[in-house]
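Please keep the model open while reading, and look up each residue as it is named.

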Amino acid sequence: MSQRDYFEKDYYAVLGVPKNASQADIAKAYRKLARELHPDSRPDDPAAESRFKEVSEAHTVLGNADKRKEYDEVREMVAAGGFRGFGGGGPGGPGGFGGFPGGTGPFGSGGFRTEGINVEDLLGGLFGGGGGGARRGAGPARRGRDLETDLRLSFEDALAGVTTTLRVAGRAACSVCGGSGARPGTTPVTCPTCNGAGVVSSNQGLFSFSEPCRTCGGSGRQIPTPCERCAGSGVETRSREIRARIPAGVRDGARIRLKGKGEAGSAGGPAGDLYVNVHVDAHELFGRRGDDLTLRVPITFPEAALGTRLTVPTLDEPVTLKIPAGTESGRTLRVKGHGAPTANGRRGDLLVTVDVAVPRKLTKTQRKLLEDYAATDDTAVRWRLDDAMAAARGA
Ligand SMILES: [Zn+2]
Ligand SMILES: [Zn+2]
């Protein structure tokens, strides 16, 4: 990146923050964008990757209060038109360095010739921030990979919610040193070269430029006595158990994200997430439709025709519902509040569908009664079909 680029880019726009944003706001905006655009979470997305670099570059400058001040000052000057001819080696135009003290010629005595910040090298240092654990000199910090696991639940457990133990294999914080990378009883020490900053600055004229500390690789720390298990990396591959609370009402096929429960990051990078794919066993009686439960209840023809009161099971106590006279087979009745728990703390409904059952065998008496009934039945149930066939015949 050349000097010119450095000052011509609008880093505030890149991070989407106003010029007067606080350092905290800048850090926040950067973390959010970096997480969204990180190549680990968007592999094979060149647009995201170049945007990620831009964002990192912007943060390298704006994230550091001193560098930001310089950047603001120079940008102001550029905007005021007093900054021509810089970096090119040609004669400066009128105005030269404007108000810079000592700016006698086109390039003054300070000069802007330093080739700027090497963003690639700095990326490592930028990512060590947030998520706990000591930073180590083990290359650039990387977010841990996301992991995935399956969880099978009974119908009842899915509705009630459970706290369960998931077993996950992958890179995790070292079980011996707890992720510090230092042998138990010892601690990482502050890097003597950079005093823990992870970067060393050199003053070149008016500007000071920073590069990652070579002693500690940008981590700001050194581990005099590395942990034997992880060789100082703070990370090991092992199977671990994770306690997870599965919310009440979870559905079959749900994918639950447990933030930070994936693989451990490297060199102090944040952990990935763990995705839990939930499989819910079918229930002997109840089905599920969204937040509602479903239940099919056989009733007899006389019950359907005459109406009745029906007691049906629910997840709680059985409830009694009224089947009105003349209920057709397949009709669904709604029992409020006896469904699955919903996200807002309420309950769905129980949908009871009645099926009129037809007896396979009849006693002599029943047959006689039905024959008598049939003889009195004058309802033309198939009138639509009869009409259609009559019309087709042209009658
Ligand atoms: Zn260890
Ligand atoms: Zn250092």
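1. Two residues are taken to be in contact if their C-beta atoms, placed from the backbone, lie within 7 Å. With that in mind, among contacts in the protein between residues at least 6 apart in sequence, 62% join residues that are at least 24 apart. Please remember throughout that this is a predicted model.

2. As for the overall make-up, the secondary structure of the protein comes to ten helices and 15 strands. Of its 395 residues, 28% count as buried, where a residue is called buried if 20 or more other C-beta atoms lie within 10 Å of its own.

3. The pair formed by helix α3, residues 23–37, and helix α4, residues 46–62, deserves a careful look, for these two helices pack at an angle of about 160° and their axes are 9 Å apart. Since angles over 145 degrees count as roughly antiparallel, α3 and α4 are therefore roughly antiparallel to each other. Their crossing is left-handed.

4. Which residues of α3 and α4 make the contact? On the side of α3 they are I26, Y30, L33, A34 and L37, while α4 contributes A48, R51, F52, V55, S56, H59 and L62. Sorted by kind, the residues of this contact divide into nine nonpolar, two polar and one charged.

5. Helix α4 can also be considered by itself, since it has 17 residues and reaches 24 Å from its first C-alpha to its last, which is close to the 24 Å expected at 1.5 Å a residue. Its buried residues are F52, V55, S56, E57, A58, H59, T60, V61 and L62.

6. One of the residues found in helix α4 is T60. Is T60 buried or exposed? There are 24 other C-beta atoms within 10 Å, and T60 is therefore buried. Although T60 and Y11 are 49 residues apart in sequence, they are 9.7 Å apart in space, C-alpha to C-alpha.

7. V352 has its place in strand β15, residues 350–356, and V352 counts as buried because it has 22 C-beta neighbours inside 10 Å. Leaving aside residues up to four places away in sequence, V352 touches L295, V297, V312, L321, T332, L333 and V335.

8. Most residues other than glycine have a negative phi. N195, however, has a positive phi of about 55° although it is not a glycine, and its place is in the loop between β3 (189–190) and β4 (199–204). N195 is exposed, because it has 11 other C-beta atoms within 10 Å.

9. A231 is also a residue other than glycine with a positive phi, its value being near 55°, and A231 is found in the loop between β6 (221–222) and β7 (235–246). With 14 C-beta neighbours inside 10 Å, A231 counts as partly exposed.

10. Lastly, how many of the ten residues of helix α10 are buried? The count is zero, so that α10, which covers residues 383–392, is described as hardly covered. Just after α10 comes G394, which takes a positive phi of about 75°.

Technical notes: Residues are numbered from 1 along each chain as its sequence is written. Chains are lettered from A and ligands numbered from 1 in the order in which they are written. This is a predicted model: local features need pLDDT of at least 70, side-chain atom pairs count only at pLDDT 80 or more; totals for chains, interfaces and linings use all residues. Axes are lines fitted to C-alpha atoms, for helices over the stretch in contact, and angles run from 0 to 180 degrees between N-to-C directions. Helices (H or I, at least four residues) and strands (E, at least two) are DSSP runs, numbered from the N terminus. Angles under 35 degrees count as roughly parallel, over 145 as roughly antiparallel, 65 to 115 as roughly perpendicular and the rest as oblique. A crossing is left-handed if the near helix is turned anticlockwise from the far one by less than a right angle, and right-handed if clockwise. Ala, Val, Leu, Ile, Met, Phe, Trp, Tyr, Cys and Pro count as nonpolar, Asp, Glu, Lys and Arg as charged, and the others, Gly among them, as polar. The expected span of a helix is 1.5 Å times one less than its number of residues. A residue is buried if 20 or more other C-beta atoms lie within 10 Å of its own, exposed if 12 or fewer, and partly exposed in between; C-beta atoms are placed from the backbone.
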